[in-house]
Each structure stands twice: as C-alpha cells, then as structure tokens.
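Take a look at the structure below. Then follow the report one part at a time.

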Amino acid sequence: PRVLHGEAHSYPIILGHEFSGIITAAGDSVTTRKEGDRIACAPLVPNMSAPESIMGNYALGKGYSFVGSRRPGGWAEYVTIPADNALLLPDSISYTQGAFFEPLTVSLHALNIMNFKGGSKVAITGMGTIGLLALQAVKALGAVQTVVFDIDDSRLRTAEEFGADLCLNTKDADFLTKAITFSGGSGFDVCLETGGVPFTEILCLQAAAPKGFVMFIGTPHVPVTLQPEIFELINRKELLVS
C-alpha cells in the first residue's frame, strides 16, 4: 500500500520496514550494540510517555514513529535506527531470514492475541507473505488441519509445498462447500484473514465453526458491507472476532 497507494505517513520518505543488516557505526551513548553486530530491525519506535507503552503495548500507544513509513527506512544503503530497535541475529540466521522477522511477528502477534492452541483446525485466506508465514506458524504450533484460500494457483502451490492440507481457489465452484466438508462439517476453529479484501473478510465469517475465532490481519482499503445474514453469523455462531 505504501508503494502503490501513496500511504506513507510523511514525505519525502525512503520506504522499507522489513530488513536486516550490519551495524557500521554506533552513537556515543549506545552501550548495548556495537559496530559489526548483525541485526534485524523492529520498525516500531514507541512513544514511551503513552500509557499503553508503559504497560508494554507499544503499538497501541499514541504518537509512535515507524521506520520505513514515518521515518526513513531500509531501502536506503544506510539507515539510522534506535539501538533498542536493533535485534541481534544469531550467526546461524542469515540476513534474508532476518528480514522476515517483522512480517513473521505480524502472524505470531495475531495468534498470541487469540491464545492459539495446538489441535485447532485452521483456515487462512490469502497466500501472500503474511498468509504463508501464518500457515507455517500454525503448523509449527500444532494445528491439526490447515485449509488455505487464494485466487492465484501459483501461490496455492507454494502453500501446498509449505504443508497446507487443502488448497482451494476461490474462483472455483463450491470451494466453500469443499472446505467445510473437509473440516468435518462444522467449519474451522480459527480463521485468519490476511488478504484485506471484503470477499475474504466475509469468507472467514462463513468458514468459522461455532465458537470459532476470526482474526482480521489484512489491511482493508475499501469499505466492507455486511448483509444482515452475514453479520448474524457472528451472533448465531458465537464467534470471537478481532
């Protein structure tokens, strides 16, 4: 969105919030990091005077900054970040792997919010970067069944390589019926929405099992309208939606 839709918070701006690298210089007051350290960037720069930040909920506090959208980011050859935002990488982790630190935490944060438990049946809409990382995360945490949705067969093939149990193209007829049948008939304990479009946001409400958890991770860019029969799914199935 920041690249294609002009949604950075300040201009001029150098984008890039998912990156890793090596420290080439440290400020005189920095004692916790040094030149030569291999690091990944945690891009959120909290406003520590906000009450939410004091409680440890840094992203919920007002007035935070953000590397790559509110201040220059990692698409530059050099970038300056606070020492606290430079997370040390073990030697066993490559720079490429380190660059996945931030997007992986997006998926893990969503799972932590819902107190995700192993043994869950999981549906994930959207097999972009966040969706694929969410797929790998739920499998590592003990999901017993994973069903994924996308409109791109190449992305679905990648999801299959990463261990998805069933990959469905939402352009195909009866895809939702196939998914519900595969779940055993009740739907999915956890539905993760990563596409940020109305179709998949509604799909998660339809695919969720009674007392299921629906987590909206994707960022929407257009209004979402819920018809009464769709909105009522939240009540009738006693869904928890976040």
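## Helix α3

Start with a length check on α3. This helix has 13 residues, which should span 18 Å at 1.5 Å a residue. Its end C-alpha atoms are 18 Å apart, so the two values agree. The step count behind that figure is one less than the number of residues. Keep in mind that this is a predicted model.

Which residues of α3 are buried? They are Glu102, Pro103, Ser107, Ala110 and Leu111. Their cover includes the strands β2, β4 (65–66), β9 and β10. The helices α2 (95–99) and α4 also take part in that cover. Just after α3 comes Asn115, with a positive phi of about 55°.

## Helix α4

The same check works for α4. Its 12 residues should span 16 Å at 1.5 Å a residue. The end C-alpha atoms of α4 are 17 Å apart, which agrees.

The buried residues of α4 are Gly131, Leu132, Leu133, Ala134, Leu135, Ala137 and Val138. What do the buried residues of α4 pack against? Their partners are the helices α3 and α5 and the strands β6, β7 (145–150) and β9. After α4 comes Gly142, and its phi is positive, near 105°.

An α-helix has 3.6 residues a turn, so residues three or four places apart point the same way.

## The nonpolar cores

In soluble globular proteins, nonpolar side chains tend to be buried together. Here, the largest nonpolar core has 22 residues. Within this core, Ile124 and Leu192 have the most contacts. Six elements each supply at least two of its residues: α3 (101–113), β6 (121–125), α4 (129–140), α5 (153–161), β9 (188–193) and β10 (208–216). The largest share, 5 residues, comes from α4. A second, separate core has 18 residues, and Val147, Phe175, Ile202 and Ala207 are among them.

Now find Leu192. Leaving out residues up to four places away in sequence, Leu192 touches Leu111, Met114, Val122, Ala123, Ile124 and Thr125, among others.

## Two packed helices

Two packed helices are described by the angle between their axes and the distance between the axes. Apply that to α6 (residues 175–183) and α7 (residues 198–207). They pack at an angle of about 35°, and their axes are 11 Å apart. The crossing of α6 past α7 is right-handed.

Which residues make the contact? From α6 come Phe175, Leu176 and Ile180. From α7 come Phe199, Leu203, Gln206 and Ala207. Sorted by class, this contact has 6 nonpolar residues, 1 polar residue and no charged ones.

## An exposed loop residue

Where is the place of Ala25? Look in the loop between β1 (20–22) and β2 (38–41). Is Ala25 buried or exposed? Its relative accessibility is 59%, so Ala25 counts as exposed. The cut-off for exposed is over 50%.

Now compare sequence and space. Ala25 and Thr80 are 55 residues apart in sequence. In space, their C-alpha atoms are 9.4 Å apart.

## The whole chain

The protein chain has 8 helices and 11 strands. Its C-alpha trace spans about 60 × 35 × 35 Å along its principal axes. Of its 242 residues, 40% count as buried.

Contacts can also be sorted by sequence separation. Among contacts with a separation of 6 or more, 59% join residues 24 or more positions apart.

Methods. Residues numbered from 1 in each chain as written. Predicted model: local features only at pLDDT ≥ 70, side-chain atom pairs only at ≥ 80, totals over all residues. Heavy atoms only, no water. Axes fitted to C-alpha atoms, helices over the stretch in contact; angles between N-to-C directions. Helix = DSSP H or I, 4+ residues; strand = E, 2+ residues; numbered from the N terminus. Left-handed = near helix turned anticlockwise from the far one by under 90°. Contact = heavy atoms within 4.5 Å. Nonpolar A, V, L, I, M, F, W, Y, C, P; charged D, E, K, R; others polar. Core = buried A, V, L, I, M, F, W, Y, C linked by side-chain atoms within 4.5 Å. Buried < 20%, exposed > 50% of the residue type's maximum accessible area, 1.4 Å probe, protein only.
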